[in-house]
Each structure stands twice: as C-alpha cells, then as structure tokens.
Amino acid sequence: MPTAPTVRLVRIRIGRPVHARDDTRAVYDSTDPILVVTYNLDDVVELVEVGYGVDNQVFFEGVQLTYRFMDEVIADLAANGHSSSPFDIGLDVPAGFAIFSMASLSARDLDPAAPEDDSRRVVEGVSIAPYSYFTADRPPLNGTIEELETWLLQRGVPPTES
C-alpha cells in the first residue's frame with residue numbers, strides 16, 4: 001500500500017513553494033496550473049487545490065473541469081454518472097473533488113459575445129481530497145463565535161490575538 005504524500009515528497013516532485021509555508025498551506029508555481037497544497041499537522045497532504053491554467057486545464061474522466069462554464073461541467077459530469085451537491089461557491093463531487101468559482105472570471109472571459117450582466121459562473125479551480133473532507137466535518141458557520149473557536153481549536157488552529 002502506498003504511503004500518503006508528505007511535504008518532502010511534494011518538494012522532490014515539484015520543488016519548493018513560492019513563499020515560506022504558513023502553518024498548513026503552501027503555494028507551488030512551478031506547475032501549470034498553480035497548486036495550493038494543504039498539509040495536516042503531520043505534514044501529510046490533506047487537500048490539493050488546482051486553479052485554471054494558462055496552457056493546461058484540469059480534466060476528470062475526459063471532462064474538462066476548469067476554465068469552463070460551471071453548468072456545462074455539471075451536465076457533463078452528470079452524463080458520466082457523477083452526482084454533485086452544492087456549497088457556497090461550487091459543488092462537491094463524491095468521486096473526491098469539488099469544483100469552485102471565486103467569481104474572478106466572468107462569462108465574457110470564455111464568451112466575448114456574452115452580455116456584461118451574464119451570470120454564468122466559470123469553474124476557476126478544483127479541490128481534490130477524499131469526499132469526506134468536503135462533507136463530514138464542516139465548521140459551524142451559523143453557530144456562535146465560541147462554537148467556531150472551539151471547532152477550530154479542536155483542529156489545531158489556535159485563537160487569534162485580538
């Protein structure tokens with residue numbers, strides 16, 4: 001059974017991150033698209049985020065995921081038998097990834113003839129992790145500040161100084 005990828009293995013494969021890593025995240029620009037890797041407290045890869053690329057895009061089972069209209073991606077995934085569930089900026093897919101849009105791209109980036117008020121979302125990135133990462137342990141965003149701070153503390157995130 002293969003071992004989980006660690007900081008050391010990532011650095012061997014793609015080099016050092018752009019800047020000194022904060023507690024858990026590192027940005028690697030030696031690839032196209034750029035990668036953002038989140039590590040757990042044991043320096044094991046927990047999540048990989050892949051943005052849309054300059055020359056390369058992200059594909060899954062022949063479906064281009066990034067730099068396309070989200071509705072088209074959802075339709076193509078559904079045609080291949082993949083369901084999805086919405087979250088605030090995208091969709092979780094049980095195959096082990098989520099697609100998202102941060103609204104930094106507009107419909108006109110893909111379709112210059114689109115009207116300025118075209119509300120179609122463009123998939124700007126893919127987060128890759130076990131499905132449970134996206135669904136099992138969501139923070140209590142509608143809870144109290146104390147509940148959120150407790151949730152963060154249980155996951156190794158110390159409180160901020162105020």
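Predicted model: local features only at pLDDT ≥ 70, side-chain atom pairs only at ≥ 80, totals over all residues.

Me: OK, where is Glu49 found?

Reply: Glu49 sits in strand S3, which covers residues 45–51.

Me: And is Glu49 buried or exposed?

Reply: Glu49 counts as buried, because its relative accessibility is 17% and the cut-off for buried is under 20%.

Me: What does Glu49 touch, not counting residues up to four places away in sequence?

Reply: Arg25 is on that list, along with Ile34, Leu35, Val36, Thr38, Val126 and Ser127.

Me: Let's zoom out. How many helices and strands are in the chain?

Reply: Five helices and nine strands. Going along the sequence, the pattern reads α-β-β-β-β-β-α-β-β-β-α-β-α-α.

Me: How much of the chain counts as buried?

Reply: Of its 162 residues, 30% count as buried. The chain exposes about 10,300 Å², and carbon and sulfur atoms supply 54% of that.

Me: What about the sheet, in what order do the strands come?

Reply: Seven strands make an open sheet, in the order S1-S2-S3-S9-S8-S7-S6, with antiparallel pairing. S1 and S6 are at the edges with a single partner strand each, so one side of each has no neighbour in the sheet. From one strand to the next, the twist averages 20 degrees.

Me: Can we follow the S1 end? How many bridges pair S1 and S2?

Reply: Four bridges, in the antiparallel sense. One example is Val27, whose bridge partner in S2 is Val36. The two strands are joined by a hairpin through six residues.

Me: Then S2 to S3, how many bridges there?

Reply: Five bridges, and that pairing is antiparallel too. Tyr39 stands opposite Val45 in S3. This hairpin has five residues between the strands, and Asp43 takes a positive phi near 65 degrees.

Me: Is S2 enclosed or open?

Reply: S2 is largely enclosed by the rest of the structure, because five of its five residues are buried.

Me: Which way do the residues of S2 point?

Reply: Leu35, Val37 and Tyr39 point one way, while Val36 and Thr38 point the other way, and all are buried. In general, side chains in a regular strand alternate between the two faces of the sheet.

Me: Now the S6 end. How do S6 and S7 pair?

Reply: S6 is residues 85–87 and S7 is residues 90–93, and they pair in the antiparallel sense over three bridges. Pro86 has Leu91 as its bridge partner in S7. A hairpin through two residues joins S6 to S7.

Me: And what comes with S7 and S8?

Reply: S8 covers residues 97–100 and pairs with S7 in the antiparallel sense over four bridges. Leu91 turns up again here, with Ile99 as its bridge partner in S8. Three residues lie between S7 and S8 in their hairpin, and Gly96 in the turn has a positive phi of about 115 degrees.

Me: Where do the helices go? Start with H1, which strands does it lie across?

Reply: H1 lies across S1, S2 and S3, and it runs at about 165 degrees to S2. H2 lies across S7 and S8, running at about 155 degrees to S8.

Me: Last topic, the core. Which residues of the largest nonpolar core touch the most other members?

Reply: Tyr28, Tyr39, Leu65, Leu77, Phe97 and Ile99, out of 20 residues in that core. Helix H1 (7–14), strand S1 (25–28), strand S2 (35–39), helix H2 (70–79), S7 and S8 each supply at least two of its residues.

Me: Take Leu65, what is it in contact with, leaving aside its neighbours within four places in sequence?

Reply: Its contacts are Val58, Phe59, Phe60, Val73, Leu77, Phe97, Ile99, Val123 and Val126.

Me: What about a second core, which residues does that include?

Reply: The second core is separate and has five residues, including Phe69, Leu105, Ala114 and Val122.

Notes
Residues numbered from 1 in each chain as written. Heavy atoms only, no water. Pairing = 2+ DSSP bridges. Buried < 20%, exposed > 50% of the residue type's maximum accessible area, 1.4 Å probe, protein only. Contact = heavy atoms within 4.5 Å. Core = buried A, V, L, I, M, F, W, Y, C linked by side-chain atoms within 4.5 Å. Areas by Shrake-Rupley, 256 points an atom, 1.4 Å probe, with all protein chains shown as cover. Axes fitted to C-alpha atoms, helices over the stretch in contact; angles between N-to-C directions.
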